[in-house]
Amino acid sequence: MRLDKQILETHPDFSRSRIEGLIKAGFVTVNGAVAEKAGMKVAEDDEIVVEIPPPVPAVPEPEDIPLDVVFEDADMLVVNKAPGMVVHPAPGHFTGTLVNALLHHCPDLSGIGGVARPGIVHRLDQDTSGLIVVAKSQAAMDGLVKAFASHRNIEKTYLAVVHGRPRLDAGRIENLIGRHPVDRKRMAIVEKNGKVAITNWERIELDLKSRPISLIKCRIETGRTHQIRVHMASLGCPVIGDSVYGKPALDKKLDPVPQRQMLHAWRLKLWHPVKSVQMSFEAPVPADMKPYCPLP
């Protein structure tokens with residue numbers, strides 16, 4: 001029997017779309033492994049566990065939270081997101097998010113692209129700092145969504161401070177990234193049921209005082225969940241401070257000990273979605289990253 005049909009029998013109050021959403025989000029396991037897809041075949045004696053995430057408030061509330069605005073016009077906003085800020089409300093983070101701050105800063109934003117994530121075109125991890133684009137008009141939302149989905153006319157460059165030194169000074173990583181087969185909170189390089197992920201990386205030559213760390217510039221052609229973190233770990237050089245893919249024992253030997261992953265969305269180039277002019281932005285290296293990343 002198909003997995004989604006089996007779940008429908010045990011949870012008759014669920015719609016097929018909700019079941020598919022739970023499976024895609026990694027909330028369903030079969031015999032302890034995260035389910036790959038709704039149509040996978042299951043046996044009668046398979047152990048199927050469905051985790052129900054807590055509900056998210058339908059409409060986020062505006063909150064007076066300071067924003068570091070890099071650019072703003074009638075159609076779009078570019079913000080330098082602080083580390084520690086969640087982009088949109090989700091289980092465990094219903095307030096204090098970028099969306100809450102945006103709704104206070106732009107009262108007319110509600111409804112652009114949906115009421116739950118108004119204006120949000122792409123995301124950054126909670127502990128990743130740097131540039132994020134927000135749509136303020138429906139025309140901008142449509143244009144930016146199309147651009148980010150096609151990965152055309154968008155250039156995103158990150159700075160990552162990693163443990164160790166890559167074998168080469170530069171390279172290109174192209175593979176599939178998908179949910180970890182056992183731990184749904186992790187992503188992994190997979191051979192199937194993943195999405196193409198491409199990272200072009202280059203080691204920046206700096207005087208790091210002989211510390212066993214490197215500064216890596218990453219230009220990504222895709223925007224998969226945890227992409228840079230997974231790719232750097234695959235080189236044997238995980239991002240320092242990364243509690244999921246990193247090396248906590250090595251983190252503790254650094255001075256200061258990192259309090260978050262040292263990953264920063266540094267530069268962004270894109271075409272304005274309405275005015276059709278090319279724009280470029282840069283977010284300064286945040287204070288907590290400078291001890292490991294001596295850039296101005």
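Student: Which exposed residues does the face of H2 turned away from its buried side carry?
Tutor: The model is a predicted one, and within it H2 has a buried side and a face that is turned away from that side. A residue counts as exposed when its relative accessible area is over 50%. The exposed residues carried on that face are Ser 17 and Lys 24.

Student: Within what arc do the buried residues of H2 fall, seen down its axis?
Tutor: The buried residues of this helix are Ile 19, Leu 22 and Ile 23. Seen down the axis of H2, they line one face of the helix, because their directions fall within an arc of 100°.

Student: What covers the buried residues of H2?
Tutor: Ile 19, Leu 22 and Ile 23 are the buried residues in question, and the cover over them comes from elements in contact, that is, with heavy atoms within 4.5 Å. Their cover includes H1, E1 and E3.

Student: Is Glu 20 buried, exposed or partly exposed?
Tutor: Glu 20 has its place in helix H2, which spans residues 16–24. Its relative accessible area is 37%, and values under 20% would count as buried while those over 50% would count as exposed. Glu 20 is therefore partly exposed.

Student: Which strands stand at the edges of the open sheet formed by three strands?
Tutor: The three strands form an open sheet in the order E2-E1-E3, with antiparallel pairing. An edge strand has a single partner strand, so one side of it is left without a neighbour in the sheet. The strands at the edges are E2 (33–34) and E3 (48–50).

Student: What angle does the direction of helix H1 make with that of E3?
Tutor: Helix H1, made up of residues 3–10, packs on the sheet and touches both E1 and E3. Its direction and that of E3 make an angle of about 65°.

Student: How many residues apart in sequence are the parts that the aromatic pair of Phe 71 and Phe 281 ties together?
Tutor: Phe 71 and Phe 281 form a tilted pair, with 5.6 Å centre to centre and 45° between the planes. Phe 281 counts as buried, at 11% relative accessibility. Since Phe 71 lies in strand E4 (residues 69–72) and Phe 281 in strand E13 (residues 278–282), the parts tied together are apart in sequence by 210 residues.

Key. Residues numbered from 1 in each chain as written. Predicted model: local features only at pLDDT ≥ 70, side-chain atom pairs only at ≥ 80, totals over all residues. Heavy atoms only, no water. Helix = DSSP H or I, 4+ residues; strand = E, 2+ residues; numbered from the N terminus. Buried < 20%, exposed > 50% of the residue type's maximum accessible area, 1.4 Å probe, protein only. Pairing = 2+ DSSP bridges. Axes fitted to C-alpha atoms, helices over the stretch in contact; angles between N-to-C directions. Phe/Tyr/Trp six-rings, centres within 6.5 Å; stacked < 30°, edge-to-face > 60°. Arc of directions from axis to C-beta.
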